[in-house]
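Open the model in your viewer and keep the selection panel at hand. The stops below go from one selection to the next.

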Amino acid sequence: MNHIPVMLEEAIAALSLSDGKLLVDCTFGAGGYSREILKSPNVQLLGLDRDPSVKEAADELLQERPGRFAFRQIAFSALEQALQDHGWGKVDGIVLDVGVSSMQIDQGIRGFSFMREGPLDMRMSQSGVSAADVVNQLPEKELSWIFKILGEEKRSRRAAEAIGARREIKPITSTAQLAELLEQALGPKKGRIHPATKVFQALRIYVNDELGELSRLLLAAERVLSPDGRLVVVAFHSLEDRLVKNFLRLRSEAPSLGSRHTPVTEVSVFQPSFDLQQRKVLMPSASEVAENPRSRSARLRWASRTKAPAMPVVPVFPQMADITQLEARS
Ligand SMILES: C[S@@+](CC[C@H](N)C(=O)[O-])C[C@H]1O[C@@H](n2cnc3c(N)ncnc32)[C@H](O)[C@@H]1O
């Protein structure tokens, strides 16, 4: 498989592997992280991925490491369910390398890239609502909001209006149709950035509920990690990285007890559930970026779980337009 694992050395070091540990690789992909983790003797690993096309790579690893590796095709927000089904309770390490794999991007048929002709799909799980369903069914106002928030596209309204006008004539069904339409609406390519870049990114994040998935995973990780267990996250997008950064910051700072006159409320007795030993974000080395340019936007953050109970759940991301209101047609 054609995917070079990103920040592999740093991710493995942060996991602090040793004998007898139970690990979860939440984004199996081509198995780059999993394969490296299993080089450490006597660790057990559960690999998760929602993309059915990674099964072949998972089966290979199952043959190579019988009894030490298992794979489950599932969204990582269902981590607790996956652990329960596997007969595990607490675990010692959770690693995520969020985003799309090179296999997903490079295959036109998956519809992730404006540079490759294909159906407007973008579904990692290959099921449910596709990018074409979103583009052809959501009201223009919601499309504009998605492009603005998830793509940080300044001309979000113009893009949404162009889509609205075109779909009245004919549904938009391919990556090339959408890319061309956006180029007409937003102007030609400036430098290396294609005008469709941000809209495609926004659609991908929305279709796969990437921020919702990550939020739920962070909360689940807090509940299932053993004391001193490691949470290691590699993110490629600033919205995802910010989510991880804010979560770990919130969970690693003891709330102030206030003055001695402040009543001791429930909140004031919570203890930090994570220890942010590595405060500064890690980035790929210059040599890694030179060898693998796709690694350039990677950001790695990690923290270790304390003994304190999980903190109460507060919403970490605002409500998105509800994808379940759409009908899966393609
Ligand atoms: C960047 S790749 C991981 C590559 C992997 N670390 C390797 O070295 O081969 C990300 C993978 O995570 C999967 N993925 C992304 N979001 C997911 C989610 N919410 N649940 C399960 N799998 C997810 C994608 O399908 C993709 O295969």
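Two strands count as paired if DSSP finds at least two bridges between them. With that rule, select Asp 275 and Ser 304: Asp 275 stands opposite Ser 304 in β7. The strands here are β6 and β7 (residues 299-305), which pair in the antiparallel sense over 2 bridges. Keep in mind that this is a predicted model.

**Stop 1: the whole chain.** Zoom out. There are 13 helices and 7 strands in the protein. The radius of gyration is 21 Å, close to the 20 Å that the globule rule gives for 330 residues, so the protein is as compact as a globular protein of that length. Along its principal axes, the C-alpha trace spans about 60 × 60 × 40 Å. Colour by burial next: buried residues make up 43% of the 330 residues. Then draw the contacts between residues at least 6 apart in sequence; 70% of them join residues at least 24 apart.

**Stop 2: the sheet.** You get an open sheet of 7 strands, in the order β3-β2-β1-β4-β5-β7-β6, with mixed pairing. Which strands stand at the edges? They are β3 (69-73) and β6 (274-275). Each has a single partner strand, so one side of each is left without a neighbour in the sheet.

**Stop 3: strand β4.** Select residues 91-97. How many of the 7 residues of β4 are buried? The count is 7 of the 7, so the strand is largely enclosed by the rest of the structure. Look to one partner, β1 (residues 22-25): 3 bridges join it to β4, and the two run parallel. Pick Asp 25 here; it stands opposite Val 95 in β4. Now look to β5 (residues 225-235). It runs parallel to β4, joined by 6 bridges. On this side, Asp 97 stands opposite Val 234 in β5.

**Stop 4: the ligand.** Select the ligand and its shell. Of the 21 residues around the ligand, Pro 5, Thr 27, Gly 29, Gly 32 and Asp 51 come nearest. Sorted by class, the shell has 9 nonpolar, 7 polar and 5 charged residues. Both α2 (32-37) and β2 (44-49) supply at least two residues of it.

**Stop 5: His 3.** Go to the segment before α1 (8-15), where His 3 has its place. Is His 3 buried or exposed? A residue is buried if 20 or more other C-beta atoms lie within 10 Å of its own. His 3 has 21 within that distance, so it is buried. Leave aside its neighbours within four places in sequence, and His 3 is in contact with Gly 29, Ala 30, Gly 32, Ser 101, Ser 102 and Met 103. Two of the residues that come nearest to the ligand, Gly 29 and Gly 32, are on that list.

**Stop 6: two domains.** Colour by the domain assignment. Domain 1 is 8-102 + 210-305, and domain 2 is 108-209. Their C-alpha centres lie 30 Å apart. At the boundary, 10 residues of domain 1 are in contact with 8 residues of domain 2. Select helix α11 (residues 210-224) to finish: with 4 residues, it gives the most to the side of domain 1 that touches domain 2. That side has 5 nonpolar, 1 polar and 4 charged residues.

Key. Residues are numbered from 1 along each chain as its sequence is written. This is a predicted model: local features need pLDDT of at least 70, side-chain atom pairs count only at pLDDT 80 or more; totals for chains, interfaces and linings use all residues. A residue is near a molecule or strand if its C-beta atom, placed from the backbone, lies within 6 Å of it. Ala, Val, Leu, Ile, Met, Phe, Trp, Tyr, Cys and Pro count as nonpolar, Asp, Glu, Lys and Arg as charged, and the others, Gly among them, as polar. A residue is buried if 20 or more other C-beta atoms lie within 10 Å of its own, exposed if 12 or fewer, and partly exposed in between; C-beta atoms are placed from the backbone. Two residues are in contact if their C-beta atoms, placed from the backbone, lie within 7 Å. Domain bounds come from an automatic or database domain assignment. The radius of gyration is taken over C-alpha atoms; the globule rule is 2.2 Å times the number of residues to the power 0.38.
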